Amino acid sequence: MEVALIGLGKMGSGIAKTLLRAGHRLTVYNRTPSRAEALRADGAIVATSVSEACRSGMVLTMVADDAALEGLIFSEGGILASLPRGALHVSLSTISVALSDRLAAEHAKAGQGFLAAPVFGRPDEAEAGRLAVVVGGADALVQKCKPLFQAMGPKLFVVGESPSSANVVKLSGNFLIASVLEALSEALVFARKSGVDAGALMEFLTATLFNGPVYKTYGELIVQGKHEPAGFLLPLGLKDVRLVLQAAEAANVPMPIASVVRDRFITAMARGNQDKDWSVIGRVAAEDAGLPQSARAAK
């Protein structure tokens with residue numbers, strides 16, 4: 001397929017490499033040109049502007065937040081103005097439900113298609129083609145993009161005809177991961193301060209009651225105190241929890257645990273952890289309990 005990808009951070013670059021390996025003709029654009037140029041050796045075509053990238057007729061976007069995507073879409077020479085009628089925008093980003101609804105409406109007015117297709121997975125999984133893709137939008141457009149989604153990873157969840165339903169799923173999933181991080185942090189600190197080996201505890205728990213990848217991945221990061229390099233930055237985690245609370249309030253849904261996690265993330269930010277993985281809240285829990293930052297540091 002001929003497609004463009006705009007946004008080449010860790011996740012976007014990994015997805016670009018996956019699509020190129022799958023044989024798709026990929027044009028890339030990034031505000032920092034060096035990130036796009038780095039993919040030329042993998043076979044990517046490098047665009048010099050958003051409007052040039054839009055000539056493919058199908059554009060994927062992978063950016064950090066609502067503000068970044070709004071800038072790409074609504075600016076002069078942006079995606080909305082540059083995509084021709086009948087073209088398609090697929091948003092892979094984790095954005096607000098409200099912005100997703102707005103994008104669906106604006107693209108429809110312009111005679112363009114829109115899918116929301118946020119992904120679950122860390123940068124190494126993006127590059128390895130092991131992401132899980134959640135997609136919402138018209139079925140004909142979903143079917144058209146299936147070869148792209150299948151290249152990104154083995155799991156595809158088609159939510160329904162409303163694009164923003166995919167964003168609801170993505171935010172729900174990230175809220176659950178954030179809640180697991182908080183629960184793991186509290187449990188491991190409690191165990192450590194009570195004289196239980198945190199590493200041995202995690203090995204036991206993930207081999208019995210909690211053998212899912214989220215517990216295994218993040219439990220190990222918390223035990224080791226390994227929060228750099230960040231697979232998912234703390235500020236992005238805080239952003240997502242705020243988006244959950246925003247959407248929940250709009251739907252009159254109380255989410256008290258989300259409020260607790262937001263406050264823990266804000267505490268971690270206040271302690272200077274902006275460049276750390278969001279698992280760094282394990283360090284914050286340890287500090288609050290008067291312990292060294294990790295179980296490894298305690299030995």
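Me: Is N174 buried or exposed?

Reply: This is a predicted model. A residue is called buried when its relative accessible area is under 20%. N174 has 5% relative accessibility, so N174 counts as buried.

Me: Where is N174 placed, and which residues does N174 touch beyond those up to four places away in sequence?

Reply: N174 sits in helix 9, residues 163-193. Leaving out residues up to four places away in sequence, N174 touches T94, F120, F232, D240 and W278.

Me: How is the crossing of helix 1 and helix 8 described?

Reply: Angles of 65 to 115 degrees count as roughly perpendicular. The axes of helix 1 (residues 10-21) and helix 8 (residues 139-152) cross at roughly 115 degrees and come within 9 Å. The two helices, helix 1 and helix 8, are therefore roughly perpendicular to each other. Their crossing is right-handed.

Me: Which residues meet where helix 1 and helix 8 are in contact?

Reply: From helix 1 come I15, T18 and L19, which meet L148, A151 and M152 of helix 8. By class, this contact has five nonpolar residues, one polar and no charged. As a general point, an α-helix has 3.6 residues a turn, so residues three or four places apart point the same way.

Me: What span should helix 11 have?

Reply: The expected span is 1.5 Å times one less than the number of residues. Helix 11 (residues 213-224) has 12 residues and should therefore span 16 Å; its end C-alpha atoms are 16 Å apart, which agrees.

Me: Which residues of helix 11 are buried, and what follows the helix?

Reply: The buried residues of helix 11 are Y218, G219, L221, I222 and V223. After helix 11 comes G225, with a positive phi near 65 degrees.

Definitions and conventions:
Residues are numbered from 1 along each chain as its sequence is written. This is a predicted model: local features need pLDDT of at least 70, side-chain atom pairs count only at pLDDT 80 or more; totals for chains, interfaces and linings use all residues. Side-chain values use heavy atoms; hydrogens and water are left out. Axes are lines fitted to C-alpha atoms, for helices over the stretch in contact, and angles run from 0 to 180 degrees between N-to-C directions. Angles under 35 degrees count as roughly parallel, over 145 as roughly antiparallel, 65 to 115 as roughly perpendicular and the rest as oblique. A crossing is left-handed if the near helix is turned anticlockwise from the far one by less than a right angle, and right-handed if clockwise. Contact means heavy atoms within 4.5 Å. Ala, Val, Leu, Ile, Met, Phe, Trp, Tyr, Cys and Pro count as nonpolar, Asp, Glu, Lys and Arg as charged, and the others, Gly among them, as polar. Buried means under 20% relative accessible area, exposed over 50%, partly exposed in between (1.4 Å probe, protein chains only).
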